[in-house]
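Here is a short briefing on one protein chain. Look over the sequence and the fold before reading on.

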Amino acid sequence: MIERLSQSLEKMETIKEKAAQKVVSLRSELDQVEHGAWERNKQTQSTVTALGNELRSTRTALREVAQRERQLVDFREFVARALGFDTNSLSVPEERIYARLTDMVQTQRSHNLNASRSDSSLQGGNNRIGVRYVGSRPTDSSPTDWVHRSSHREPLHRSCSRARC
């Protein structure tokens with residue numbers, strides 16, 4: 001009977017050692033898993049922080065873009081009205097605005113070129129035929145006067161807020 005108990009005790013010790021080894025192995029595996037989970041959690045937190053910062057900067061950039069877009073729309077509307085288009089009915093195609101601006105610039109350049117040629121011929125020497133100014137010479141007019149004199153449209157209202165009319 002003592003032999004049986006001895007064998008039984010040896011079996012139990014072997015089982016105990018195996019269980020202890022298994023516990024150590026499982027604890028090591030658990031530590032590795034916990035460390036991996038901690039690392040993933042840390043990485044996830046830094047990713048969330050980075051994404052949050054990126055989201056804030058993207059929102060700020062979006063607000064700035066929206067503000068610039070509003071400013072551009074206001075400026076476009078101002079230019080369209082200054083060119084005599086009715087902006088209250090339908091939107092004016094860019095092509096028409098560009099065409100009107102191009103015509104206006106070309107007309108002004110032509111006017112300036114003719115005026116400078118006229119001025120130089122009027123100031124000419126003995127061999128030129130021309131007329132001399134008596135009194136004061138004409139002054140240059142401002143761009144707002146060009147639009148009003150050349151187009152005979154209603155003047156722009158100055159009571160507009162921002163660049164809008």
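The points below cover the fold, the helices, the salt bridges and the aromatic rings.

This is a predicted model. The protein chain has 3 helices and 0 strands. The structure holds 2 salt bridges. One of them, between E94 and R76, links distant parts of the chain.

**Overall fold**
- Along the sequence, the pattern of the protein chain reads α-α-α.
- The protein chain has 165 residues, and buried residues make up 10% of them.
- The accessible surface of the protein chain is about 14,500 Å². Carbon and sulfur atoms account for 55% of that surface.
- Take the contacts between residues at least 6 apart in sequence: 29% of these join residues at least 24 apart.

**Helix α1**
- Helix α1 covers residues 2–82 and has 81 residues.
- From first C-alpha to last, α1 reaches 116 Å. That is close to the 120 Å expected at 1.5 Å a residue.
- The buried residues in α1 include G36 and G52. D74, E77, V79, A80 and A82 are also buried in α1.
- G84 follows α1, and its phi is positive, near 95 degrees.

**Salt bridge between helices: E94 and R76**
- E94 forms a salt bridge with R76. Their closest N and O atoms are 2.8 Å apart.
- E94 lies in helix α2 (residues 94–122), whereas R76 lies in helix α1. The two residues are 18 residues apart.
- E94 has 37% relative accessibility, so it counts as partly exposed.
- R76 has 25% relative accessibility, so R76 also counts as partly exposed.

**Salt bridge within a helix: R81 and E77**
- The side chains of R81 and E77 meet in a salt bridge, at 3.3 Å from N to O.
- Why are R81 and E77 separated by about one helical turn? Because they are 4 residues apart in helix α1.
- An α-helix has 3.6 residues a turn, so residues three or four places apart point the same way.
- Is E77 buried or exposed? E77 is buried, because its relative accessible area is 16% and the cut-off for buried is under 20%.
- R81 has a relative accessible area of 22%, so R81 is partly exposed.

**Aromatic rings**
- How many aromatic pairs are there? The count comes to 0.
- Which ring does the charged end of R100 sit over? The charged end of R100 sits over the ring of F85. The distance to the ring centre is 4.2 Å.

Methods. Residues numbered from 1 in each chain as written. Predicted model: local features only at pLDDT ≥ 70, side-chain atom pairs only at ≥ 80, totals over all residues. Heavy atoms only, no water. Salt bridge = Lys/Arg side-chain N within 4 Å of Asp/Glu carboxyl O. Buried < 20%, exposed > 50% of the residue type's maximum accessible area, 1.4 Å probe, protein only. Contact = heavy atoms within 4.5 Å. Areas by Shrake-Rupley, 256 points an atom, 1.4 Å probe, with all protein chains shown as cover. Expected span 1.5 Å × (residues − 1). Phe/Tyr/Trp six-rings, centres within 6.5 Å; stacked < 30°, edge-to-face > 60°. Lys NZ or Arg CZ within 6 Å of the ring centre and 35° of its normal.
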